[in-house]
Protein chains: 2
Amino acid sequence: MRRVAIIGVGYTKIGRHWGKALRDLFAEAFINAMDDVGWPNVDMVYIGNMASGLFCEQENLAALLTEVVSLNPTPAVKVEAACGSGGAALAQGFMAVASGLYDTVVVAGVEKMTEVVTRDATKILATAADREYEVFQGASFTALNALIMRLYMNKFSAPEEAFGAFAVQMHENALDCPYAQLRFKISISDYLNSTLIADPIKLLDCAPIGDGAACLVLCPLEKARELCDTPVEIAGVGLATDTLNVSTREDLLTLKATVYATRKAFKMAKVELKDVSFLEVHDAFTIMGILALEDMGFTRKGEGWKLAQEGQLARDGDIPVNPEGGLKARGHPVGATGIYQAVEAVLQLRGEAEKRQIEKAEVAALQNVGGAGGFVSVHVLRRV
Amino acid sequence: MRRVAIIGVGYTKIGRHWGKALRDLFAEAFINAMDDVGWPNVDMVYIGNMASGLFCEQENLAALLTEVVSLNPTPAVKVEAACGSGGAALAQGFMAVASGLYDTVVVAGVEKMTEVVTRDATKILATAADREYEVFQGASFTALNALIMRLYMNKFSAPEEAFGAFAVQMHENALDCPYAQLRFKISISDYLNSTLIADPIKLLDCAPIGDGAACLVLCPLEKARELCDTPVEIAGVGLATDTLNVSTREDLLTLKATVYATRKAFKMAKVELKDVSFLEVHDAFTIMGILALEDMGFTRKGEGWKLAQEGQLARDGDIPVNPEGGLKARGHPVGATGIYQAVEAVLQLRGEAEKRQIEKAEVAALQNVGGAGGFVSVHVLRRV
C-alpha cells in the first residue's frame with residue numbers, strides 16, 4: 001500500500017453565498033488548492049456532498065464540477081455519507097492513491113444549503129435519519145440530538161452551562177479564523193438565553209446552515225516533496241457504521257462508530273492518544289462534540305462536559321479541539337465539513353494557521369459524523 | 001496493486017416492486033450474493049445509487065443499508081454518478097481491495113424509482129443533466145437524447161428501423177432472462193407504431209423505469225479460490241468524464257468519456273477489441289446503445305446502426321451485446337444498472353447463464369454511463 005500525502009488545500013469562506021452557485025463555490029476552492037500546490041495534472045476527483053439533489057436539484061454532481069473547472073476527461077465521482085460525506089470522500093481519495101490506480105487526486109467537499117428556505121433545509125437534513133422509523137414519526141435531526149442530550153444531562157448530571165462552555169469556546173476560536181461563518185464572541189448568558197429549539201437544545205447548541213467548499217490535493221508521499229515543501233501524511237484511515245435508527249442502539253450515549261473508527265485509524269497510524277496534538281470533532285450540536293471526546297477515548301464516558309467547562313479544549317489547553325471554531329462557529333456546509341476539518345489540520349501541521357496556530361502541532365485526529373452516528377470517519381494526519 | 005476478483009453475485013428481479021422498499025431490495029440482493037459465496041466476513045460496503053434523496057427522501061443510505069443486514073460496524077459509503085453510479089461504485093470497490101485497506105468488499109447498486117409518479121421520475125432523472133444550462137431551458141433527459149438521435153439519423157442516414165432492430169434484439173434477449181423487467185417479444189412494427197415521446201424517440205427506444213438491486217462480493221484474486229470455484233477478475237478499470245452540458249461538446253455524436261474510459265480499461269487489462277467475447281452497453285435509449293458500439297471501437301463512427309440491423313448483436317452474432325436484454329428490456333433501476341451489468345457478465349463468464357449463455361465467454365467489457373455521457377465507466381472482466 002503506497003503512503004499518501006496531502007499537498008494542497010483550498011477553501012471558500014463559509015456563509016450565505018447569495019451570489020455563488022454550488023459550482024462557483026467548488027471552482028473557488030479548487031482554484032485555491034491548485035494555486036497552493038502549483039497546478040499538477042489531476043488524475044481523479046472525489047466530491048463529498050450530502051444532498052445536491054435535494055438542495056439544488058442537481059445529481060451527476062462530480063461530472064458537472066469537472067466541466068466547470070475544465071478537467072474533462074479526468075474521472076470524478078460523488079461520495080455520500082450525509083454530514084460525513086467529506087470524510088468518506090477523503091478515505092476514497094486515500095485508497096485511489098494508495099492502490100496505485102491514480103497518482104494525483106483532488107478531494108473536495110461542497111454544499112450549497114441556502115437555495116431552499118430553512119424549513120426545507122431541516123427536512124432535507126432529516127434525510128440523514130431513518131425515514132421510515134424516525135422521520136415518519138416526526139423526528140427532525142435536532143429532535144434526535146435533543147433526546148440524546150437530555151439523556152446525557154440526566155444520567156451524568158451535566159449542567160447546561162457545560163454545553164454553553166463548549167459553544168463559547170468554539171466562538172472564541174472562530175474569532176481568529178478568516179473563513180469562519182459565525183466570527184463573533186458569545187457569552188455564557190447569550191447561550192443560556194438563546195431560543196429553545198428542541199428542549200434541551202438551544203439555538204447556540206447548533207451549528208448554522210451555510211454554503212461552502214473545501215478542497216485537498218493528494219499524491220503518493222514519495223512524490224510529495226517534489227510538489228510541496230510541507231506535505232502532510234494521511235497516516236490513519238478509520239471508517240465505521242452504526243444503526244441509523246438511534247432507538248435500536250444498545251447505548252444512546254456512545255457513538256460506537258466513533259469508537260471503532262478511532263481504533264482503526266490510530267492503529268493504522270501507529271499513534272496513541274498522547275501523540276495527538278489536537279482534534280477536529282464533529283460538533284453539529286454541542287452534545288455531539290462532547291460525546292466525541294469520550295468515544296475517541298480522551299476522557300471517560302460521562303466526563304466530556306467537564307473538559308469543556310474546565311477550558312481544556314482551548315488552543316493552549318490540554319486537548320485543543322477545533323482550533324478554527326468547529327461546526328458550531330466555523331460553520332457546517334454538511335458535505336464539506338470533513339474536508340474543512342482536513343484543511344484546518346493541514347494548515348496547523350504546516351504551521352500556517354497564523355493567529356490560531358497550535359504550538360508544536362505534529363499529529364491531528366479528525367472525526368466526521370454522518371447522521372447521529374450512523375457513519376463515522378476518523379483520519380489521522382501527521383507532519384512528515 | 002493487488003489483483004481483484006468478483007466471487008459472489010446476487011440480484012432481485014427488476015420491476016415495479018409495490019411491496020418492497022429500497023432497503024428490502026438491497027437486503028434481498030445482498031443475501032443472495034452472500035449465499036452465493038458462503039457468507040465471508042465483510043470489511044467494506046459500497047452502494048451505487050443515483051437519487052435515493054429525491055426518490056425516497058433518504059440520504060445516509062449506505063449506513064442505513066448496513067443496519068438492515070446487520071453489518072454494523074462495517075463501514076459503508078454511497079457513490080453517485082447518476083445512472084453510472086453502479087459502475088462508479090464498482091471502481092471504488094476495486095480500489096478498496098487493490099489498495100490493501102480492505103479484503104472482502106460488497107458492492108451493490110440499488111434504486112427504488114416507483115415511489116414517485118412518472119412525471120416526478122422524469123424530473124428526478126433530469127437532475128443528471130445540467131440544471132442551470134439544460135433543465136431550466138425545459139430539456140428533459142429524453143429530450144437531450146432525442147436531439148442526439150435526430151442529428152445521428154440526419155448525418156449518417158440511419159433509418160428508424162435500425163433503432164427498432166436494436167430494441168427488438170434486446171427484447172428477444174430478455175426473453176431468456178429471469179430477472180428482466182420487460183420479458184416479452186416486440187416486433188419491428190410494434191416499435192414503429194409505439195408512442196412518440198420526444199421526436200424521434202419513441203416509447204420503445206426507451207429503457208423503462210423500475211426498482212431493483214444487484215450485489216457483488218469482491219476479494220483479492222489470490223484469496224478468491226478459497227471462497228469460490230469460479231472467480232472472475234476485474235482486469236481493467238477505466239473512468240472518465242465529459243461536459244455534462246451536451247451543447248458544449250465538440251461532437252454531439254461521440255461520447256468522448258466512453259472513448260477515454262475504454263482505452264484506459266483495455267490498456268490496464270491488456271486486451272484488445274478482438275479479445276472481447278461480449279459487451280454490456282448502457283442503452284438507456286437505443287441511440288446510446290448504438291453510440292457505445294462506435295465509441296468503444298467495435299465499428300466506425302456512423303455505422304453502429306448497421307450492426308443492429310444486420311443482427312450482429314445477437315448472442316450468436318459477431319459482437320454479442322447485452323445478452324440479458326440491456327437497459328432497454330432487462331430494465332434500468334438507474335443506480336443499480338452498472339452492477340446488474342457486472343452480475344450478468346459474471347454469470348456468463350462462469351458459464352452459469354443458462355439459456356442465454358454465450359459460447360466460449362472469456363472476456364467481457366462493461367460500459368456504464370451517467371447522464372448523456374458526462375460520466376462513463378468501462379470495466380473489463382475476465383475468467384481466470
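**Helix α11 of chain B**

Q: Which residues of α11(B) are buried?
A: In this predicted model, B:T286, B:I287, B:M288, B:G289, B:I290, B:L291, B:A292, B:L293, B:E294 and B:D295 are buried. Buried means under 20% relative accessible area (1.4 Å probe, protein chains only). Helices are DSSP runs of H or I with at least four residues, strands are E runs of at least two, and both are numbered from the N terminus.

Q: So why is it largely enclosed by the rest of the structure?
A: Because 10 of the 10 residues of α11(B), residues 286-295, are buried.

Q: What do they pack against?
A: In chain B, α6 (141-156), α7 (160-174), α10 (256-269), β9 (278-280), α12 (304-309) and β10 (363-370). Contact means heavy atoms within 4.5 Å.

Q: What follows the helix?
A: B:G297, with a positive phi near 100°.

Q: Switching to chain A. At what angle do α4 and α14 pack?
A: About 65°, with axes 5 Å apart; α4(A) spans 85-99 and α14(A) 337-350. So α4(A) is roughly perpendicular to α14(A), a label for 65 to 115 degrees. Axes are lines fitted to C-alpha atoms over the stretch in contact, and angles run from 0 to 180 degrees between N-to-C directions.

Q: Which residues touch?
A: A:G86, A:G87 and A:L90 of α4(A) meet A:G338, A:I339 and A:A342 of α14(A).

Q: And how do chains A and B relate?
A: A 180° rotation with 0.0 Å of shift along its axis superposes A on B, RMSD 0.0 Å.

How values were computed:
Residues numbered from 1 in each chain as written. Chains lettered and ligands numbered in written order. Predicted model: local features only at pLDDT ≥ 70, side-chain atom pairs only at ≥ 80, totals over all residues. Heavy atoms only, no water. Least-squares fit on C-alpha atoms with pLDDT ≥ 70 in both. Buried < 20%, exposed > 50% of the residue type's maximum accessible area, 1.4 Å probe, protein only. Parallel < 35°, antiparallel > 145°, perpendicular 65-115°, else oblique.
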